[in-house]
Every structure is written in structure tokens, then in C-alpha cells.
Amino acid sequence: MQTKLLSNLIKECVALMRDVGYSEKTISTYMEIWESKVKPFLSQMGTEDYSPQLGETFLLSLPEDVMLCYNRIRRCVTILDTVFKTGKISRYVPKKQEFDFNGEIGFLFREVIAYKERMRTSNSTVDGYKRILGRLHTFLRFNSVMKVEDISDKLLLEFVNSSQINPSHRFTVIRGLCRYLVDNNLKPSYFGSLVKGYRFPVREKLPSVYTTEEIIAIKNAINVNKLGGRRLLAAFLLGSCLGLRRSDIVNLRCEDIDWVHNTITLVQKKTRKRVELPLLHEVGNAIIDYYRNERNNQCKDNHVFLTLSTPYEGMSVDSLNAALQSAIKSSNVNVERRHHGMHSMRHSLATRLLKDENSLPLIGEVLGHMSYNSTKAYLKVDIEGLKKCLLPVPHVPEEFYTQNGGIFYE
């Protein structure tokens, strides 16, 4: 087992913490925990050397009376482990749920996932397959199904219907699984017929949109004098004025902005489509204000939007959502029965462009849609435009109802 002298590891951690911008107060707090808790524990173990395994043992040995500060101690150990393994400090990212794909069915599911990876399926889709096939594997075990030959259409439909949130996600993966089984001659050609014919109720999806007045109210509710306010304002304007998705906002990099030609050029995360958008005056000024007065420009990370505390890295989607929800709440805009995330700002922009009689191809180009059908969804909320499509009801003369003695009328 590889180890490092704890005193040397602590010096290395302190140097890295100062390098990424930790305050001296925070560093002192961490050093106190390392010196007063970790070092005495190692002494009890008869060593001065540290390893991640010993760090985990230390956490397991903590008495109940320190559970109130457990997260801070856990973070101290995480920093030791990260520097021990990688020589640098990075943000803690929770591990994704892992599944034990054992047995004959587990081997099959691993093959399906490997096939998706060979087909260059996106990472998010592959993760979805892992998650849903992992749950299916557990479901089949509970039903005492251990062999591929015992998997039936009925069981697969029971699994799809057992989802309380969104069965469509499970349905998509199960349909792909059936196709794989048939294509690889693991099941007869008719297998999956019940799944293919399965129909679950789908609600009509109407984009949630906000009026210009409501968007202005939300923008005005963003407090730029509060830490994170300038960052939120710049991000909000990118969504409401340029229609960027939240994933593209948090992944936007400094080099994506061309200040000479006033353009923003990026490859969308969702569609992998390259888009070029004008850097509007209001948007550009908000980004500059954020650069000058709030962003830590000394760090090496080149994301436009950074975390507000150390280690300074690209901000997360969750942080953006939480900040936006706070601003919407402060604005007193009524969001009842409407989605109120950054994507609704994108919907609102598309609707405004449509009301200004811009063509659907132009709107699709601005939003970076890959399909014309995606843009057509906004026709459903353009009430004034739909009214123009109404046909007048022709006048029906009274004789029509009284013809032949009024028999037709009766």
C-alpha cells in the first residue's frame, strides 16, 4: 500500500490551497483538523504515514459527537486523498450510482452498453442506458429471472409501468434492448411486439413562456450588489436575449467571445451544432461588468462563469438554477403552472421572434435546432398568429333548416 508522510502531505495541500485561492482562515481550519484529529489517529495506528485507506478508516472511527461537523472533516480527508492521488485540488463531484451487472443477464446488459459506446452514442445517453438497465437488472432479479431466455415482453412492460415519474425514458431503453436481442438472434423476430405497440399517455407539451414585462421584472430583481449577482445577470441575459441553453451558458469559454467582431461562437452541448450569435450591447456590457467586478480572473480556468469560492472552476447548472429561482421569487412574477427555469427564457425568446413575424427557419437557426419540427412547437403558443389562420364561418340561410318541411332540422 502506497503511503505519504502526513506532515509532507499537509504542506503540499496548504501550498495548493493557497494557489487556488483558499482564504487563510479556511486553511487554518483545515490544518487544525489535520493536526488535532488525523495526526493523533495515525499515531494510535502506530504510523506517521497517510493513505486514502487510512483516511477512510479514520472517518469510520469518528464518534457520534462529531457528526455535526462531519461534512467539514470529510472534506478535509477528501482534500488529502485528492492531493495524494492527483497532486491537485478539484471540486468534489458525487459518484454516479453504480450497478452490479453480474450473471448471464448482467453480461448481456454490459454488451448492450458497449454496443452503444461503439456506435458513438452521446455520454448522457450511455449513462441513461446504464442507469435504466441497472434498475431492470434489479427488477428481474426480484422476479427470479436469471436467464435471457426467461425475459418476456410482459415483464418488460411491467418494468416500464413501474416508473412513477417518466416511463418514456424507460420505454426508449427497453425498445432499444428488444431491438438488440432480435438483431443478435437472442430472441425471435416477433419479440418486442408488445413493447412496440405499447402506448402510454403523453401530455401535450406547451412551451412555458413569459412576457417582455415579466422578463424585465425578473432581470430587475437580480441584485448585482450581492455576491453572484453580476454573474447571474450576465447568464440570464445570455438565456433571455440569445436563447442559450443552461448547459451552453455554464460551458461558455472566454475564447468563445469575439470582442472585435461582437459575436459569440460555440458548439452546442446538446446537438453538437456550431452556432454563431451576435454579442448584443446589453449582454456584452453585463459580461464586462462581471469580469471587472466579480470574476476571479487570476485563476487558470477559462470558463466565463466561475464558482464564487475556491477552488475556482466552471459554475454548475445547479448553481445557475438556484440563483435564477431566487431572482424569480424576488420579482413576484406569477409562475403558477409554468416552468420557470432558464429554458423558459429560451422559449420566451422564440415566441417573441415568432410574434415579430420572423420565419421558422430563422428562429431555428438562432436557437440552434437540428430539426424543423423542434421549431414548429412554438406555433402552439402564438395565439395571435393562430387567429390569423381562422377561416370565417359561412352564413347559412334559414331555408336550409326549413327545407322539406324542416325534416333535416328535426
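**View A. Ile-257 stands opposite Ile-264 of β4 in a predicted model.** The structure is a prediction in which local features need pLDDT of at least 70 and side-chain atom pairs count only at pLDDT 80 or more, whereas totals for chains, interfaces and linings use all residues. Residues are numbered from 1 along each chain as its sequence is written, and side-chain values use heavy atoms, with hydrogens and water left out. Helices (H or I, at least four residues) and strands (E, at least two) are DSSP runs numbered from the N terminus, and two strands are taken to pair if DSSP finds at least two bridges between them. The open sheet shown here has three strands in the order β3-β4-β5, paired antiparallel. Because β3 (257-258) and β5 (274-278) are at the edges, each with a single partner strand, one side of each is left without a neighbour in the sheet. Two bridges in the antiparallel sense hold the pairing of β3 with strand β4 (residues 263-267).

**View B. The β4 and β5 hairpin, with Arg-272 at a positive phi.** Strands β4 and β5 run antiparallel and are joined by five bridges, and across this pairing Ile-264 faces Leu-277 in β5. In a regular strand the side chains alternate between the two faces of the sheet. Strand β5 presents Val-275 and Leu-277 on a covered face, and Arg-274, Glu-276 and Pro-278 on an uncovered one. Six residues lie between the two strands of the hairpin, and Arg-272, placed in this loop, has a phi of about 60° although it is not a glycine. With a relative accessible area of 58%, Arg-272 is exposed, on a scale where buried means under 20%, exposed over 50% and partly exposed in between (1.4 Å probe, protein chains only).

**View C. The largest nonpolar core, with Leu-238 and Phe-305.** A nonpolar core is a set of buried Ala, Val, Leu, Ile, Met, Phe, Trp, Tyr and Cys residues joined through side-chain atoms within 4.5 Å. The largest such core holds 38 residues, of which Leu-238 and Phe-305 touch the most other members. At least two residues each are supplied to this core by α10 (212-220), α11 (229-242), α12 (246-250), β4, β5, α13 (281-293), α14 (317-331) and α15 (342-355), and α11 gives the largest share, eight residues. Leaving aside its neighbours within four places in sequence, Phe-305 is in contact (heavy atoms within 4.5 Å) with Arg-231, Ala-234, Ala-235, Leu-238, Ile-249, Tyr-290, Glu-313, Gly-314 and Met-315. A second, separate core of 31 residues includes Phe-109, Ile-151, Phe-171 and Val-173.

View D. A salt bridge is a side-chain nitrogen of Lys or Arg within 4 Å of a carboxyl oxygen of Asp or Glu, and a search of the whole structure finds eight. Lys-39 counts as partly exposed at 31% relative accessibility, as does Glu-35 at 35%. Asp-289 is partly exposed, at 26% relative accessibility.

**View E. The packing of helices α6 and α7.** Helix α6 (residues 123-142) and helix α7 (residues 153-161) pack at an angle of about 120° with their axes 11 Å apart. The contact is made by Ile-132, Arg-135, Leu-136, Phe-139 and Leu-140 of α6 together with Leu-155, Leu-156, Glu-158 and Phe-159 of α7. Axes are lines fitted to C-alpha atoms, for helices over the stretch in contact, and angles run from 0 to 180 degrees between N-to-C directions.

**View F. Asn-185 in the loop between α8 (167-183) and α9 (193-196).** Asn-185 is a residue other than glycine with a positive phi, near 55°, and is exposed, with a relative accessible area of 70%.
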